[in-house]
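This briefing concerns the structure shown below.

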Amino acid sequence: MAELNILEAIRAGMDEEMERDPNVMILGEDVGKKGGVFGATDGLWAKYGDKRVLDTPLTEAMIAGAAMGAAIYGLRPIAEMQFADFAYPAFNQIVSEISRMRYRSNGAFGLPMVIRMPYGGGVHGALYHSQSNETYFTATVGLKVVAPGTPADAKGLLKASVRDPDPVMFFEHKKTYRLFKAEVPDGDHVVPIGSAEVARPGKDLSILCYGYMRYCALEAAETLAREDGVEAEVVDLRRLRPLDRATVLGSVTKTGKALVVHEANRFGGFGAEVAATIAEEAFEHLDGPVTRLAGPEVPGVPFQHTLEDWFMLNPAKIVEAARKLAAY
Amino acid sequence: MANVKQATSLGHRELGLTDEQVVEIYRQMLVARGVDERMWLMQRAGKIAFVISGQGHEGAQVGITWPMRRNHDWMAPYYRSIASALTFGMTVEDIITAHLAKGDDVSSGGRQMPGHYGAAKYNIISLSSPVGTQVLHAVGIAMGAWVRGDDVVAMSTFGEGTANQGEVHEAMNFAGVHRLPVIFVCENNGYAISVPLDKQVGGLSVATRAQGYGFPGVTVDGSDPLACYAAAREAHDRARRGDGPTLIEAKVVRLTSHSSDDDQRRYRDPAEVEALKEHDPLVLFANRLREAGLLTDPVDERLRAEVKAEVNEASQRAEARPDPDVATAELHVYADEGT
């Protein structure tokens with residue numbers, strides 16, 4: 001069992017998949033000799049050469065569109081958007097083309113491809129290197145959307161995404177890349193894209209989250225247990241689309257209280273879908289208002305550190321929201 | 001009376017085409033025109049909701065597609081690519097079935113509008129409606145072939161209006177960087193719906209842009225299928241040699257309005273519309289074939305009768321096919337249904 005951080009786990013996942021299947025290739029900006037701006041592909045160019053680890057021009061639409069063509073041809077491309085914030089030039093390819101190809105061809109063309117996107121704030125990246133824009137993609141039918149919160153999940157979900165017959169948007173929270181190390185099972189560790197995980201069991205309220213928020217929620221849950229005697233259950237959604245409704249509803253049915261947490265802004269965010277699902281399907285089990293804790297309604301993360309701290313969710317904010325909900 | 005044995009070359013023999021193949025090219029143009037005209041008739045009869053036409057583009061499309069290897073090379077077409085699709089393997093019945101949006105339409109099972117060509121069984125990539133996206137898909141095919149070391153050529157076709165999309169620039173630039181085996185085909189008919197070339201294309205030439213991408217750009221007379229064939233064959237050879245992409249700009253005419261929802265008399269001078277007929281590639285090519293002794297009136301009449309019969313029979317079969325079943329409308333969202 002190796003101790004890896006999330007960045008190392010993602011790299012190991014890609015390395016193993018490239019070793020296993022010669023059809024797997026990586027393309028993106030600076031993914032080659034440099035190994036990616038965060039180092040996610042470090043060492044892979046030297047190992048697999050400059051065709052399978054392909055530096056592209058600064059053209060995000062091309063990265064997504066060429067990956068789609070290659071997937072049609074039979075390859076399994078892993079496309080990297082350097083930052084999720086820069087994916088918008090590729091939005092047409094992702095939304096008009098990649099998500100709709102299987103449906104519009106009546107099942108004739110499938111797209112086994114992954115688009116990796118570093119997202120999220122807390123890294124002094126300001127408005128254009130900090131966005132949590134997963135909602136655009138979770139709202140798009142035909143895409144799968146994944147957001148791991150642990151090294152084991154990062155590796156296992158990455159490997160499952162590469163093997164998936166459909167396009168997967170793979171959201172990696174930048175702040176988690178080197179945040180902590182944890183054990184990653186040896187061997188061919190694949191986490192099927194399918195289920196949420198109860199990261200911490202509890203009986204008093206459910207905290208539903210993903211990505212970096214899993215880390216924050218677990219810390220908040222410790223504080224709540226220690227200081228309030230409140231046992232929060234932390235559910236890491238891991239896969240946002242399709243949503244694992246059974247695990248979400250199972251947890252909320254047990255605790256009667258749901259706190260949905262994400263860094264993206266609240267209005268029409270992914271949490272609204274989770275909240276609506278709970279309201280519709282677990283109404284009679286609820287013992288308090290389905291509550292959302294989300295990023296503020298501003299267009300982006302401001303740069304200066306006190307402004308950025310104001311923007312970011314953290315364990316203390318989760319504790320505060322959970323206390324209010326627990327008081328019902 | 002002229003006959004085939006006494007025929008002179010139109011330059012095709014020097015290109016390696018036999019006299020029979022040249023007549024076959026002409027016949028393929030006739031087929032495309034025949035299907036296209038039938039689509040308009042069916043639209044007016046209320047059987048088809050929408051038509052977007054390739055009339056006037058047939059010489060370019062047949063000539064340029066001719067060197068492409070069926071079921072081996074790949075094509076990412078656009079909405080006027082009726083003759084390209086037919087030349088690359090789609091049947092008359094496939095095309096009509098797709099226009100009628102029948103349940104077993106090979107392009108989309110009745111999910112897409114008419115003119116959205118595509119079929120996995122013919123290596124034709126399914127087309128969407130936002131223009132220019134398909135050019136990147138052809139580049140992706142070429143990239144895949146290049147990564148694997150396969151002898152495969154990809155082609156993408158588009159209009160001169162689409163040539164201005166950023167994705168087309170991104171596609172050509174990337175293909176130029178890695179000398180990918182891809183052929184870019186701009187069918188320039190002078191109008192992007194209603195907006196003429198001089199309001200769409202700075203410099204008035206799409207082909208010259210290729211210089212900036214580091215590969216050849218050639219302009220050809222799109223009413224001359226043999227000139228188009230020659231350019232495409234050279235482009236195909238270049239791609240297979242590993243010498244990279246070619247951009248072919250074929251000057252064509254749009255004989256019809258943009259689509260069945262458009263009336264080009266609102267923005268084109270009546271004299272200009274009238275003069276279009278003089279540039280009809282079918283008429284021009286038939287005349288050249290006759291002058292060279294490659295085509296006689298009886299042969300032309302026989303070919304036209306054959307095409308008419310083929311279109312009639314295909315239409316009848318297509319119309320008899322079942323409509324899509326609503327129970328299938330949620331299929332093929334994901335490979336693992338129900339997720």
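A crossover is called right-handed if, with the strands pointing away from the viewer, the path from the first strand over the helix to the second runs clockwise. In this predicted model, strand S10 (residues 205–209), helix H8 (residues 212–228) and strand S11 (residues 232–236) of chain A form a right-handed β-α-β unit.

**Strand S10 of chain A**
- S10(A) pairs with S11(A) in the parallel sense, over five bridges.
- Within this pairing, A:Leu208 stands opposite A:Val235 of S11(A).
- S10(A) also runs parallel to strand S13 (residues 258–265) of chain A, to which three bridges join it.
- Here A:Ile207 is placed opposite A:Leu259 of S13(A).
- S10(A) is mostly covered, with five of its five residues buried.
- A:Leu205, A:Ile207 and A:Cys209 point one way from the strand, whereas A:Ser206 and A:Leu208 point the other way.

**A:Val24**
- A:Val24 belongs to strand S2 (residues 24–28) of chain A.
- A:Val24 counts as buried because it has 22 C-beta neighbours inside 10 Å, and the cut-off is 20 or more.
- Leaving aside residues up to four places away in sequence, A:Val24 touches A:Glu17, A:Met18, A:Arg76, A:Ile78 and A:Val162.
- A:Pro112 is 88 residues from A:Val24 along the chain, and their C-alpha atoms are separated by 10.0 Å.

**Contact between chains A and B**
- Chain B contributes 34 residues to the contact and chain A contributes 38 residues.
- On the chain B side, helix H5 (133–148) and helix H6 (166–178) are the elements that give two or more residues.
- H5(B) supplies the largest share of that side, eleven residues.
- The chain B side comprises 17 nonpolar, 14 polar and three charged residues.

Definitions and conventions:
Residues numbered from 1 in each chain as written. Chains lettered and ligands numbered in written order. Predicted model: local features only at pLDDT ≥ 70, side-chain atom pairs only at ≥ 80, totals over all residues. Contact = placed C-beta atoms within 7 Å. Helix = DSSP H or I, 4+ residues; strand = E, 2+ residues; numbered from the N terminus. Nonpolar A, V, L, I, M, F, W, Y, C, P; charged D, E, K, R; others polar. Buried ≥ 20, exposed ≤ 12 C-beta atoms within 10 Å, placed from the backbone. Pairing = 2+ DSSP bridges.
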